[in-house]
Amino acid sequence: MVADALSQYRITRTASADITNSISCAVLGAFAFQKFTPGGIGLGVVLASILAKALAAREFILGETIGGWYYSWFPPEPSLAMTTSVMVAVMAILAAFAALSGVISDPIQAAVGLHRRRLNKLLDHLERDISISTQSSFRPKDQYVARILDTFDMIRSGLI
């Protein structure tokens, strides 16, 4: 009972890191690329397009400068291999960032009282489960929010 509740709490911590990654990708995409990139997939697609344009402009027959102008009007489509490799690289970087994202998100969550509310909810559920001898009833919703953001990222990127 307690082990299951703690396992559910651990899932919320992972979901919190995923949500922080999604928000970070959206902010990075908005400020760096003036694009809406709700997650790693969207960011990977945008970066693959930029890379494809830069590579095509560099190999343009009339030079890189004219190639840059030409491909700003007629952007090249990145290959599937390039898009996949850039997305894998972005996802690897985001995985490393997720391990450290608590440094950013934990103080914010503590300041707004989210940690305290979540822990109080865990303790209330544990108390209720122990007093009436039921299975763990602690089922936080954070993991669903993270998966909704991931699904939105895939829809926005055209994968679904």
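These are my notebook entries on a predicted model of one protein chain.

**Ground rules.** I number residues from 1 along each chain as its sequence is written, and my side-chain values use heavy atoms, with hydrogens and water left out. As the model is predicted, local features need pLDDT of at least 70 and side-chain atom pairs count only at pLDDT 80 or more, while totals for chains, interfaces and linings use all residues.

**Entry 1: the overall picture.** I counted seven helices and zero strands in the protein chain. Both are DSSP runs numbered from the N terminus: helices are H or I with at least four residues, strands are E with at least two. I then looked up the extent of the chain, and its C-alpha atoms fill a box of roughly 80 × 30 × 20 Å along the principal axes. The radius of gyration is 21 Å, whereas a compact globule of 160 residues would have one near 15 Å. That radius is taken over C-alpha atoms, and the globule rule is 2.2 Å times the number of residues to the power 0.38. Buried residues make up 32% of the 160; buried means under 20% relative accessible area, exposed over 50%, and partly exposed in between, with a 1.4 Å probe and protein chains only.

**Entry 2: the core.** Which residues make up the largest nonpolar core? I found eight: C25, L43, A48, A52, M82, V86, V90 and L94. Such a core is a set of buried Ala, Val, Leu, Ile, Met, Phe, Trp, Tyr and Cys residues joined through side-chain atoms within 4.5 Å. Helices α2 (40–58) and α4 (80–100) each supply at least two residues of this core, and α4 gives the largest share, four residues. Apart from this core lies another, of five residues, including A5, L122, L126 and F138. I also checked M82: leaving aside neighbours within four places in sequence, M82 is in contact (heavy atoms within 4.5 Å) with A48, L51, A52 and L55.

**Entry 3: a crossing of helices.** How do α5 (residues 102–111) and α6 (residues 114–131) pack? Their angle is about 75 degrees, with the axes 5 Å apart. Axes are lines fitted to C-alpha atoms, for helices over the stretch in contact, and angles run from 0 to 180 degrees between N-to-C directions. The pair is therefore roughly perpendicular, the word for 65 to 115 degrees; under 35 is roughly parallel, over 145 roughly antiparallel and the rest oblique. D106, Q109 and A110 of α5 make the contact with L114, H115 and R118 of α6.

Entry 4: Q34 sits in the loop between α1 (2–33) and α2. Its phi is near 55 degrees, a positive value in a residue other than glycine. Is Q34 buried or exposed? Q34 is exposed, with a relative accessible area of 63%.
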